[in-house]
2 protein chains.
Amino acid sequence: MTEYIFILADSELELVPPEIVNERCVLNNARARGKPPEKILLDASHHHPAFGKLPDFERRGRPDIVHFFLMLCLDSDLSAEGKLKAFVHTRNNDVIAVKPETRLPPHYPRFVGLIESLYEQRVVPSRENALLELRNSVPLEMLVDAFKPDSVVVMNTQGEQAPLEQKFAGIQGGRVVVIIGGFSKGEFKSDLSKIKHEVVSLGPRQQKVWTVTSKVLCAIGNVSKMPAPPQPAAEPEAPVKAPRPSKSRRAPKKKAE
Amino acid sequence: MTEYIFILADSELELVPPEIVNERCVLNNARARGKPPEKILLDASHHHPAFGKLPDFERRGRPDIVHFFLMLCLDSDLSAEGKLKAFVHTRNNDVIAVKPETRLPPHYPRFVGLIESLYEQRVVPSRENALLELRNSVPLEMLVDAFKPDSVVVMNTQGEQAPLEQKFAGIQGGRVVVIIGGFSKGEFKSDLSKIKHEVVSLGPRQQKVWTVTSKVLCAIGNVSKMPAPPQPAAEPEAPVKAPRPSKSRRAPKKKAE
């Protein structure tokens, strides 16, 4: 069985940075939500008036991308079969580990609230039931190294364009890391040259993170349903058996809130 | 070329119904948003304390499902190639037509605000630039009939389970309607017996609307990239040409807000 580690890399998820924490739009938003301004997530939609003061302002503050990514991963067949683990890596090298049995709130504002709790408590909903866990100062290459993967695939528009099924069917090894950029504009901030990887492209069209994620999930899902490559048969006439459907090893889902 | 009409059917999108419009949670939420309570969307997350008074309360108030569905459809290859149109049909037989060039807000609260504007103005952002348009009193069968489809596929857990690519490759005709249920629990409310259709299942596991949508989009995307079935060749030795990548006929995206 191949295990897949999906990493949303350099994703634009962070608390409101100190340089704009006293801007009016941030203060208003924090007051409306009953939270201190330094404990709320940066959000391009709410805090846009202050974005001019931030470097890389055109891509920052996109927790919605992280939300979409996780919702797709956690409900995938791969996750249901216990073959997928999802991680979020951010522009500040924070890493969020998400247990496969996690039931995230589909409602975006509640997801934001949950991640804010995570930044405060380091683990949610509790230490005993650590569905989401936060670590700081983990560069992408350190995160990838920790899995000792057999293969690493980076999804990028600039790369070899090949049918995804074909690509993933050809990947060897029991543990495959798939890296998807968690940003809407620009390039990876992490230094990918520190990671031995191959680049796979879905073509020149800039596609949303949810489109890329769903295509990769579908492709791997299809590959994992393919019959294993036939072994040299002792009896050449022996009929090829259809693969038996694998039993779901899904653990019951647990609410993260 | 086959054109695909994706319909999210019986989706749980509606304004706050009169029977709970004076409930405290609704009034508070409306006041916080600066809108009259009868003009805000019902939301299971915000208005849950009042849900006991609503029939079908366990499934209602899920604009997030509609949001996910549309975000996936609008960024799909099919949509980029001008082969997909997306429609939202609701529990109250409201129908929202969404132009393929629409750029919806990825931020959920802004999406909600946009749909509330749509319920007020019938069309957004303007009559001259009608990216989203609302019609009332259109039962599902009437909506489907209006397209005069060659085939109608309903995604349902209770149905023939077949590999999706194979299923969609076998579907004949230039216009195919795909119906996906826009609810998290229960069955279709619309009477599907009034629509000539075939049911396709992704298996017994209850999957989220975004998972179903992304699987169908991927499958049709793969089918549409397959070479056309070979014609009886005059020269049996003639090499089969690889299909040329089709040019994108995507119109520039337009902001709906």
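Predicted model: local features only at pLDDT ≥ 70, side-chain atom pairs only at ≥ 80, totals over all residues.
## Arrangement of the two chains

Chain A can be laid on chain B by a rotation of 180° with 0.0 Å of shift along the axis, and the RMSD is 0.0 Å. This is the relation of a two-fold axis. In general, two copies of a chain are related by a rotation about an axis and a shift along it.

Of the interface residues of chain A, 100% are also interface residues in chain B, so the copies meet through the same surface.

Strand β3 of chain B (residues 95–98) pairs with strand β2 of chain B (residues 84–90); the two run antiparallel and are joined by four bridges. Within this pairing, V88(B) has I96(B) as its bridge partner in β3(B). The hairpin of β2(B) and β3(B) has four residues between the strands, and N93(B) takes a positive phi near 60° in that hairpin.

Strand β3(B) is also joined to strand β6 of chain B (residues 130–135), again by four bridges and with the strands antiparallel. Here I96(B) stands opposite L134(B) in β6(B).

## Cysteines

How many disulfides does the structure hold? Over all chains, the number is zero. C73(B) is in no disulfide, and the nearest cysteine sulfur, which belongs to C218(B), is 12 Å away. A disulfide needs the two sulfur atoms within 2.5 Å.

Is C73(B) buried or exposed? C73(B) counts as buried, with a relative accessibility of 0%. C25(B) is buried as well, at a relative accessible area of 16%. Both count as buried because the cut-off is under 20% relative accessible area.

Rolling a probe the size of a water molecule over the atoms shows where empty space is left. Searching the whole structure gives one cavity of 30 Å³ or more. The largest cavity holds about 90 Å³ of space.

Which residues line the largest cavity? From chain A, the lining has D64(A), H67(A), F68(A), P106(A), H107(A) and Y108(A). From chain B, the lining has D64(B), H67(B), F68(B), P106(B) and Y108(B). The elements giving two or more residues to this lining are α2 (63–74) of chain A and α2 (63–74) of chain B.

Note on methods: Residues numbered from 1 in each chain as written. Chains lettered and ligands numbered in written order. Heavy atoms only, no water. Buried < 20%, exposed > 50% of the residue type's maximum accessible area, 1.4 Å probe, protein only. Least-squares fit on C-alpha atoms with pLDDT ≥ 70 in both. Contact = heavy atoms within 4.5 Å. Pairing = 2+ DSSP bridges. 1 Å grid on protein atoms, 1.4 Å probe; cavity = no way out; pocket = protein on both sides within 12 Å on 5 of 7 lines; lining within 4 Å. Points joined across faces, edges and corners; volume = space filled by probe spheres on them.
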